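Visitor: Please show me the model and take me through a few of its features.

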Amino acid sequence: MLAKVQLTGLALWLIGTVVLRLAGNAIMHPPSPERTLPTYLVSFLLAGLMVRLLFPWLGVPRLEWPAAVTLLVLPTLLLDAFTTAFFPAVFPNLPPAAAPTFGGLMLISAAGAVVSAWLFRG
């Protein structure tokens, strides 16, 4: 079951990376409080909702949600460190100045998933 969670995390990372590569201009932008803060809030909440919907579907018992969320967000935390470092090469369709927004978006999304897993673990 935990291997399924980790593979799901990897699949979500891959899908998210492809979506940003194809249509990232709608989401990613150079940092500015009026655009970044709402984007981060929505991402935090969506990641939390995703955990609440995904874990029951994957059969993760509520008491195991804190452990499972670690495996779910691990691909994002590991791989997006490199994606952020090499942002212009990975996302040539986006302005290089959007790299800090991207890095923060990944962190805030992981935080939303972790908070949700702990709050709703049963």
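Visitor: Which residues make the nonpolar surface patch of about 420 Å²?
Guide: The model is a predicted one. The patch of about 420 Å² is made by Leu7, Leu10, Leu74, Leu78 and Leu79.

Visitor: Which helix gives the most to the nonpolar patch?
Guide: Helix 1 (2-23) and helix 3 (65-85) each supply at least two residues of the patch. With 3 residues, the one that gives the most is helix 3.

Visitor: Is Leu74 buried, partly exposed or exposed?
Guide: Leu74 is a patch residue and lies in helix 3. Buried means under 20% relative accessible area and exposed means over 50%. Leu74 has 30% relative accessibility, so it counts as partly exposed.

Visitor: Are helix 1 and helix 2 roughly parallel, roughly antiparallel, roughly perpendicular or oblique to each other?
Guide: The axes of helix 1 and helix 2 (residues 33-58) come within 11 Å, crossing at roughly 135°. Roughly perpendicular covers 65 to 115 degrees, and roughly antiparallel begins over 145. Helix 1 and helix 2 are therefore oblique.

Visitor: What is the handedness of the crossing where helix 1 passes helix 2?
Guide: The two axes come within 11 Å of each other. Where helix 1 passes helix 2, the crossing is right-handed.

Visitor: What distance separates the C-alpha atoms of Thr84 and Ala98?
Guide: Thr84 lies in helix 3 and is partly exposed, with a relative accessible area of 25%. Ala98 is 14 residues from Thr84 along the chain. Their C-alpha atoms are separated by 9.5 Å.

How values were computed:
Residues are numbered from 1 along each chain as its sequence is written. This is a predicted model: local features need pLDDT of at least 70, side-chain atom pairs count only at pLDDT 80 or more; totals for chains, interfaces and linings use all residues. Side-chain values use heavy atoms; hydrogens and water are left out. Patches are made of residues with over 30% relative accessible area and no salt bridge: like charges are joined within 9 Å, nonpolar side chains (Val, Leu, Ile, Met, Phe, Trp, Tyr) within 5 Å. Accessible areas come from the Shrake-Rupley method with a 1.4 Å probe; for residues, only the protein chains shown count as cover. A salt bridge is a side-chain nitrogen of Lys or Arg within 4 Å of a carboxyl oxygen of Asp or Glu. Helices (H or I, at least four residues) and strands (E, at least two) are DSSP runs, numbered from the N terminus. Buried means under 20% relative accessible area, exposed over 50%, partly exposed in between (1.4 Å probe, protein chains only). Axes are lines fitted to C-alpha atoms, for helices over the stretch in contact, and angles run from 0 to 180 degrees between N-to-C directions. Angles under 35 degrees count as roughly parallel, over 145 as roughly antiparallel, 65 to 115 as roughly perpendicular and the rest as oblique. A crossing is left-handed if the near helix is turned anticlockwise from the far one by less than a right angle, and right-handed if clockwise.
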